[in-house]
Amino acid sequence: MKKHTKPTKPTKPKHTKHAMSYTIQSGDTFWSIAQKLGISVDALQAANPGVNPSTLQIGQVINLPGGGNNNGGGDGGHSLPPSNGTIPGSTGGSPGGGDFVAYSGPASAYPDPGQWASYSALWDQNSKLMRFNASDAEIGFIHSAIETVSRDSGVDVRCILCIIVQESGGNPRVVATNNGVRNPGLMQSHNGVEFNPQDPQGSILQMVRDGTTGTSSGDGLKQLFEKYGN
């Protein structure tokens, strides 16, 4: 005789006296929870300052920030959360697609940024490729780092993303190259930091900073834009 068990229902956010809470389920990461509930990874991390996103345990209860739709929906993918509009290059642009065109020469020979593919289109396409070499949590850290550094440096967020894809494919553990100078990390910076498994979020953020704003050993995108105009 077979024993019938009731199917497990998805965990829904629970109201407490002071805040919303969520119980960790199998396979959950901060990134997947944020996508499911319509909130940002940054807001989720800010609501849980004492929680290590890399060591979540099934049954663990975490806090939820306000502002999410909390409907348990979403497809669990890596679509870009809405931008607050203060990140250079995060709004506007085309949906992408079309033929490949190579550009070279001075800045005047390149198309206006308004003609570039939108950040959301670029992220949606390239975050899927990152899954070959990075966990959901690490992809969330990369996304957060790109936006943070773009906001701080003024460098177009699409440029940062595209250099990461070009240099490492979004693989945090990419091997450093050395052609006279050591080039480590997501953006193969000038003698910057490498991935630290003991501090994945911090090291990913620093790798993006090194490639964008430079290191003591060499320039980043910000200095190169200022020098060459493209």
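Predicted model: local features only at pLDDT ≥ 70, side-chain atom pairs only at ≥ 80, totals over all residues.
Residues are numbered from 1 along each chain as its sequence is written, and side-chain values use heavy atoms, with hydrogens and water left out.

**Stop 1**

N191 is partly exposed, with a relative accessible area of 40%; buried means under 20%, exposed over 50%, and partly exposed in between, with a 1.4 Å probe and protein chains only. Now select Q188, which sits in the loop between β5 (182-183) and α6. Q188 also has a positive phi, of about 50°, although it is not a glycine. Is Q188 buried or exposed? With 12% relative accessibility, Q188 counts as buried.

**Stop 2: the whole chain**

Zoom out and colour by secondary structure. The chain has 7 helices and 5 strands, and from the N terminus the elements run β-β-α-α-β-α-α-α-β-β-α-α. Of the 230 residues in the chain, 41% are buried. Among contacts (heavy atoms within 4.5 Å) with a separation of 6 or more, 56% are between residues 24 or more positions apart.

**Stop 3: helix α4**

Select residues 136-153, which make up helix α4. The end C-alpha atoms of α4 are 26 Å apart, which agrees with the 26 Å that its 18 residues should span at 1.5 Å a residue; the expected span is 1.5 Å times one less than the number of residues. Helix α4 is mostly covered, with 16 of its 18 residues buried. After α4 comes G154, with a positive phi near 85°.

Begin with E138, in α4, which is buried at a relative accessible area of 7%. Which residues does E138 contact, leaving aside neighbours within four places in sequence? They are N133, P172, R173, F195 and I204.

T148 counts as buried, with 18% relative accessibility. Not counting residues up to four places away in sequence, T148 touches L205 and R209.

**Stop 4: helix α6**

Select residues 200-213 for α6. This helix has 14 residues and reaches 20 Å from its first C-alpha to its last, close to the 20 Å expected at 1.5 Å a residue. Show the side chains of its buried residues: P200, S203, I204, M207, V208, D210, G211 and T212. These buried residues of α6 pack against α4, α5 and α7. G214 follows α6, and its phi is positive, near 85°.

**Stop 5: an aromatic pair**

Select Y103 and Y110. The structure holds 1 aromatic pair, and these two residues form it: the pair is tilted, at 5.9 Å centre to centre with 35° between the planes. Rings of Phe, Tyr and Trp (its six-membered ring) pair if their centres lie within 6.5 Å; planes under 30 degrees apart count as stacked, over 60 as edge-to-face and the rest as tilted. Y103 is partly exposed at 41% relative accessibility, and Y110 is partly exposed at 35%.

Next, click on P111, in the loop between β3 (61-64) and α3. P111 counts as partly exposed at 24% relative accessibility. Apart from neighbours within four places in sequence, P111 is in contact with Y103 and W116.

**Stop 6: the largest pocket**

Finish at Y110, W116, R158, C159 and C162, which lie nearest the centre of the largest pocket among its 48 lining residues. The elements that give two or more residues to this lining are α3 (119-130), α5 (157-168), α6 (200-213) and α7 (221-228). On a 1 Å grid over the protein atoms alone, a pocket is an open set of points where a 1.4 Å probe fits, with protein on both sides within 12 Å along at least five of seven lines; lining residues have an atom within 4 Å of a point.

Definitions and conventions: Helix = DSSP H or I, 4+ residues; strand = E, 2+ residues; numbered from the N terminus.
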